[in-house]
Amino acid sequence: RVLFRSVFLRELPPHGWNFDKFLADWSALIAKKKMRFQYIFLLENRGSLDKASAFIEQYKSFVHDIRLVYRQDKDLSQPDIRTSIMLIAFGNERVAFTHSRDDSAVLCPATEYVNDEDIESLNIRYRNIELASEQFFCKQ
């Protein structure tokens, strides 16, 4: 069983990202419940949800749950949200990736982590963000 958790730090996908291809690549594993996705979207403020909702809605077809967090939330540590975090666990194997975006929102190359200490540190950052977030959608 794979657990895929990701924090996206922008409302829009990176340039050239093909959502349909991404979903097709993972849909068989998701259908067999061998892969589970959770997303936490970071929005500028509560008013920006209207602008981002169409983008976020497309994730409902395959994610287990979606959470939202807002940049100015007092419970959110600003250093924790500097980069996006993707945690992947399958069996006893774990890997993590972080990435950031440049000023024009273009995705910068990801950094991969395989060391247990690094992954645990990112997992703690992720949990802190998750604690500050609110539920937006959850499949029953």
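**The whole chain.** Begin by selecting the entire protein chain. Its secondary structure consists of 3 helices and 7 strands. Followed from the N terminus, the elements run β-α-β-α-β-β-β-β-α-β. Of the 140 residues, 41% count as buried. The chain exposes about 8300 Å², and carbon and sulfur atoms supply 51% of that area. Of the contacts between residues at least 6 apart in sequence, 71% join residues at least 24 apart.

**Confidence.** Next, colour the chain by pLDDT. The average is 77, and 78% of the residues score at least 70. Select strand β7 (residues 134-138), which has the highest mean pLDDT among the elements, 94. Then select strand β1 (residues 2-8), where the mean is the lowest, 44. Continue to residues 7-16, over which pLDDT stays under 50. The model has 34 contacts beyond four places in sequence for residues 7-16. Where pLDDT is low, the predicted coordinates should not be read in detail.

**The second largest pocket.** Now select Ile30, Lys33, Met35, Arg36 and His64. Which part of the second largest pocket do these residues lie nearest? They lie nearest its centre, and they belong to a lining of 11 residues. The volume of this pocket is about 220 Å³. By residue type, the lining of the second largest pocket divides into 5 nonpolar, 2 polar and 4 charged residues.

Terms used:
Residues are numbered from 1 along each chain as its sequence is written. This is a predicted model: local features need pLDDT of at least 70, side-chain atom pairs count only at pLDDT 80 or more; totals for chains, interfaces and linings use all residues. Side-chain values use heavy atoms; hydrogens and water are left out. pLDDT is the predictor's confidence in each residue, from 0 to 100. Helices (H or I, at least four residues) and strands (E, at least two) are DSSP runs, numbered from the N terminus. Contact means heavy atoms within 4.5 Å. On a 1 Å grid over the protein atoms alone, a cavity is a set of points where a 1.4 Å probe fits but cannot get out, and a pocket is an open set with protein on both sides within 12 Å along at least five of seven lines; lining residues have an atom within 4 Å of a point. Grid points are joined across faces, edges and corners, and a volume is the space filled by probe spheres set on the points. Ala, Val, Leu, Ile, Met, Phe, Trp, Tyr, Cys and Pro count as nonpolar, Asp, Glu, Lys and Arg as charged, and the others, Gly among them, as polar. Buried means under 20% relative accessible area, exposed over 50%, partly exposed in between (1.4 Å probe, protein chains only). Accessible areas come from the Shrake-Rupley method with a 1.4 Å probe; for residues, only the protein chains shown count as cover.
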